[in-house]
Amino acid sequence: MKKVAVKLGIDSEDLASCVSCGLCLPHCPTYRVTQEESASPRGRIALMRQAESTGLIDQTFVDFMDACIQCRGCETACPAGVPFGSMMETTREALTQQTSYQSWWRRWGYRVLGCPNILTIGSRALAVLQRLKLLPSKLALPKIPLMQAPLVPSGEDVWLFTGCVMDVWMRDTHRATQRVIEAAGAGVRFPDKKAACCGALHVHAGLGEEARRLARRTMSAFPGDAPILVDSAGCGAQMKEYGHLLNTSDAHKFSQRVLDVHEWLVNHLDELPAAHANPPRIAIQDPCHLRHVQQAHDPVRVVLARYADPVILDDEGLCCGAGGAYSALYPDTAAAVRERKIESINRAQVHEVASANPGCLLHLQAGGVRVRHPLEIVDDLMRKDI
Amino acid sequence: MNPQHFIEEPILRFASDVGSVGPVTVVGGQTQWEVGGLPFPGSREVRAPAGIWSHEPEEMTVRCGAGTSIGDLNEKCAQFGQMVPFDLNSEATVGGVLAVGRSGFRRLRYGPIRDLVLQIRHVDHSGQIVTSGGPTVKNVSGYDLCRLLVGSLGKLGCIAEVTLRCLPIPETTLWLRGAGDPFEIYNQLYRPSSVLWNGKQVWVCLEGVKSDVESQAALLDFEEVDSPPNFPTQGRMSLEPKALRGLAGNSTDWIAEIGVGVVHCGESQTPAPLSNTNKVLMNELERRLDPSGRLNPGRQLVAT
Amino acid sequence: MVPPSADKPLLDDLQTLLGDRARAEDFELGLYGKDGSVLEGRPAIVCLPINSEEVRCIVNICGDHKRPFIARGSGTGLSGGAVPVGDPVVIATAKMNRIIEVDLDNRIAWVEPGVLNLDLSTQLKGLGFHFAPDPSSQQVCSIGGNVANNSGGPHCLAYGVTSAHVAAIEVVLPDGSITVLGDLTAEPSGYDLRGLFIGSEGTMGVATKIAVRLTQNPPEVRTLLLDFSDVRDGAAAVSAIIAQGLIPAALEMMDHRAIEVVEAFVNAGYPTEADAVLLVELDGLAGGVENGVEVVRRVAEAHHVGEVRLAADEAERALLWKGRKNAFGAVARIKPDYYLHDTVVPRGKLVEVLEKVYRIADAHNLIAINVFHAGDGNLHPILAYDSREPGVLERVHAAGRAIITASIEAGGVLSGEHGIGLEKRDYMGMLFTEHDMATQDLVREAFDPEGLANPLKILPSGSRCSDSFGQHVPEGAWV
């Protein structure tokens, strides 16, 4: 196979920090469904080492790197604290810059995420096609809204980040989030179009330049000091890493202001309406970027527990397979990973599942799981009692 | 220099007794003498040395000559509240018990006797001493020849010295007898030492601290008895534990060890046949470890 | 690109059998050259079979081509047992991961070798049973690997090692035939080939199905954490606890440095100022457990214990164990590489040997970290180092040799549970005579006269009659 020269540029301390103990393997979704070393964090690090030491890669290397979901479950499992996520991001950025790793159509797709007007128009077109039943059902898209009423601000206590696809497809989730925040006594403010996309998917794809551009643009949409609440785990994780991404004092300061909305809510629980009897059993699917990156999965439990009986899944936070764009690029692997999650959900014997990340939510829905955002569930239960 | 290479004088003498020529038969307590067939007449009889070289209560290990009787062994261990749960005739020798490889009636709790063996020194067909295993309670250094020697009827080597793991003598031992489904009783209890069944009655041995034995006994409506029943000694069958259910209604004299699969019965039994592949492997082992077939001739594990 | 060592006809035959599950791509081969030790080799071809029949065919093809083969589970071994030497075909059993049957009536589960140790116990939890061997790597190590190494783990103090928990094994023998060693009956006929195979590190064939014994989950479990301001007190307490006639389910020790790295990972409240901690677990019926807790408490107090912490609930217990079981990996927080030893010494010699370990490490200017199965005297001294430092590997090996020598002089053995593999094979002569090893080789040879199954492992080079695959031993091996 043809080899090409590449310099990945991974920090040598980071590369050396993996001792190959293998404790990450069972926590890696792609290893779990393939049982192949090349689809494990330990294997991927060994491949990175091989590439760094020889300075050469081939297509198998690129394929192995591309097949990682970047859930970062391995980081939580790693006793040595290997920063796998940033090593993978560095690798992908090097591949993007030095090889033809990301095809033109993939680049174009990521580009659109940062353009709200094109996104809205495209989404409306999809919605029309969907209603005319002209979309293949295997795409497993949710019901896309044709028209959406704008979000109405209610004060200036906190910002609520709205994002790209989530805002055009799932704006009702934002409305539910807004109602819960308001019930906790705070007024909500929304950013303008500059905050159209956080850039998470771009970082994952190795489009570092584009990601940094989106990060700077997003930051400019949130003047003042008010906390910036995020109801999408993937976006929140990315915005918390702007400091690391841009390495400016503004970016660090900005990241400090970012909170997953549940992290904010746990400190305002007492202001929420009282709980009612017979809480329903709800299983919580921890989005990877909430559990492994933000380590803020516990607040979801606490918030939900005020109104429901939360059930913790028995798979130790294994990824559901969504992975941002992953489920579209690797539908078979993503579905196989989801199958494990569904088995765990079935063992939990619950009526409904809560997931605090739009990507996971859509992916699980496509697999036939009854799932909503935790704050949609809270909003419902909270109002039922009033 | 490794202190473990030191070999006791009586072991050296035993090695020269075994020597390198002519058929030899190792004689122990002759309590299970007929197992595997009687030795060929004319085969020279040798005896492994008796004697407890060391008992280290802190380590819970004991090292002794293979000719030591299990009665003597357990008497020594009992001085420190310890035991080696062989549960056989006290005249039997340690080497004999291991060469035959049959476990006692408390195997359910304590496991098969092969798992009590830490190290074996044996004398091979050329009269040389071979050490395998190790003196510590845990060891995976090298091939596990100890497992191979237990139950080998001396065909692969003459067991000369063994190091065994001891266990604490339980605070309370209680034998109970009653009626009921032995399989249900077994599933009801937590790690009983023995559950025996003869088709009519069930015996249960419970061991541990007094309160635990009492709480387990309270689950059963059984009467206390002094000792286990007398086992038929003529025959012995080895079944899968669940196959013991098939004994129900069998009116001959037998006692089955529930959860283990051993059946003590009145008539001698032929062992289950071996697959051809396994037979070849076993023959290869015999051929390599005793090329002239001089060790314990007449005993047979692998039917030809 | 087919590397030169993988001759095309062999690869063709394997690909005819396995399709794209027989591989020789450069990048992929590099992934199957290592286990959890520092040793590294390189396979000629990697095969990923999905059933016994495929394994049998692979072994047959290897036989036709006179090519050695080596089975690999999760690659977490610590002695180079799964490191490919002699250009072998690697048979990775990870895809053979089905739990075939759970037979509660016999208290047996039939599993494929790639089933992960902890996955089995997790699956059995609802039934009230588990698989007792629990190596620290249990979340990832495979049951096939456990069989190959006769693995232990903290709880084998009370429950025994893998050999005590395997009733039968389906094995593909080196000549390509398939057989079952042992059976589910109490006393299988003939010699105990099952017992011989367990721990033979893949040199007698490839396990393709395993009947493991299921152990009842204990009704009560108590976990205690004892801290000592002097590691010697802790070690003495270990002997004293056993001398009381108490065999805890597990009795683990961690020294000061181990506590620090572990606490940095788990935040379980390990006392980072202590010189040593003991993690003691008692299980069984309530009376025995409570009695055990009292005995441990009393002995600990007599040995100047600081605090006796009793885990309040399952979550706290799990957290304490998580710390213990991740300790080796966490060492990378001090230095990027480690060399882990596995000697066993009599419990009464723990203090003496531990002190020697520290002195040896100091003398070689290395950091020694001790986290180990104290209850059965199984030391795991970890030498932490940075392989990028020139000359450090020589010091690591010299220190290792000194530690092994000290352990054996104290009446101990080379390995308690990690196996001999490639790493310690040339130390076998410290424990066994030439004749002992020649006898072991005769036994091995009965299974593998051609020497195709995982060559160059366990016995020192030269002592095997069939060492025909050259003496190439990877860099870093102790030769």
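Q: Which residue does the side chain of Arg288(B) make a polar contact with?
A: In this predicted model, the Arg288(B) side chain is in polar contact with the side chain of Glu445(C), at 3.0 Å.

Q: Where is Arg288(B) placed in chain B?
A: Arg288(B) lies in helix H8 of chain B, which covers residues 276–289.

Q: Is Arg288(B) buried or exposed?
A: Arg288(B) is buried, because its relative accessible area is 14% and buried means under 20%.

Q: And what does Arg288(B) touch, leaving out residues up to four places away in sequence?
A: With those set aside, Arg288(B) touches Leu442(C), Glu445(C), Ala446(C) and Pro449(C).

Q: Turning to the interface as a whole, how many residues of chain C and chain B are in contact?
A: Chain C contributes 91 residues, which are in contact with 75 residues of chain B.

Q: What area is buried there, between chain C and chain B?
A: About 6,600 Å² is buried between chain C and chain B, and carbon and sulfur atoms give 56% of that area.

Q: How many salt bridges and polar contacts are found across it?
A: Seven salt bridges are found across the interface of chain C and chain B. One of these joins Lys242(B) to Asp103(C), with the closest N and O atoms 3.1 Å apart.

Q: Which elements of chain C give two or more residues to the side that touches chain B?
A: Among them are helix H8 (231–243), helix H10 (286–302), helix H14 (392–409) and strand S9 (178–181) of chain C. Helix H16 (434–447) of chain C is also included, and H16(C) gives the most to that side, with ten residues.

Q: What is the make-up of that side by class?
A: The side of chain C that touches chain B has 41 nonpolar, 36 polar and 14 charged residues.

Q: Now chain A. How many residues of chain C are in contact with it?
A: Chain C has 35 residues in contact with 39 residues of chain A. The area buried between chain C and chain A is about 2,900 Å², with 52% of it from carbon and sulfur atoms.

Q: Which residues of chain C lose the most area to chain A?
A: They are Phe27(C), Leu31(C) and Arg388(C), which together account for 25% of what the chain C side buries.

Q: What about salt bridges between chain C and chain A?
A: There are six. In one of them, the side chains of Asp119(C) and Arg32(A) meet at 2.5 Å, N to O.

Q: Changing topic, what are the domains of chain A?
A: Chain A is divided into domain 1 (4–98), domain 2 (148–265) and domain 3 (275–385). The centres of domain 2 and domain 3 of chain A are 21 Å apart, taken over C-alpha atoms.

Q: What area is buried between domain 2 and domain 3 of chain A?
A: About 1,900 Å² is buried between domain 2 and domain 3 of chain A, 72% of it given by carbon and sulfur atoms. On the domain 2 side, Met170(A), Ala233(A) and His262(A) lose the most area to domain 3, together 29% of what that side buries.

Q: How many salt bridges are counted between domain 2 and domain 3 of chain A?
A: The count is one salt bridge. Arg179(A) and Asp379(A) form a salt bridge, their closest N and O atoms being 2.9 Å apart.

Notes: Residues numbered from 1 in each chain as written. Chains lettered and ligands numbered in written order. Predicted model: local features only at pLDDT ≥ 70, side-chain atom pairs only at ≥ 80, totals over all residues. Heavy atoms only, no water. Helix = DSSP H or I, 4+ residues; strand = E, 2+ residues; numbered from the N terminus. Buried < 20%, exposed > 50% of the residue type's maximum accessible area, 1.4 Å probe, protein only. Polar contact = N/O pair within 3.5 Å; in protein donor to acceptor, adjacent residues only side chain to side chain. Contact = heavy atoms within 4.5 Å. Domains from an automatic or database assignment. Buried area = accessible area lost by both parts, 1.4 Å probe. Salt bridge = Lys/Arg side-chain N within 4 Å of Asp/Glu carboxyl O. Nonpolar A, V, L, I, M, F, W, Y, C, P; charged D, E, K, R; others polar.
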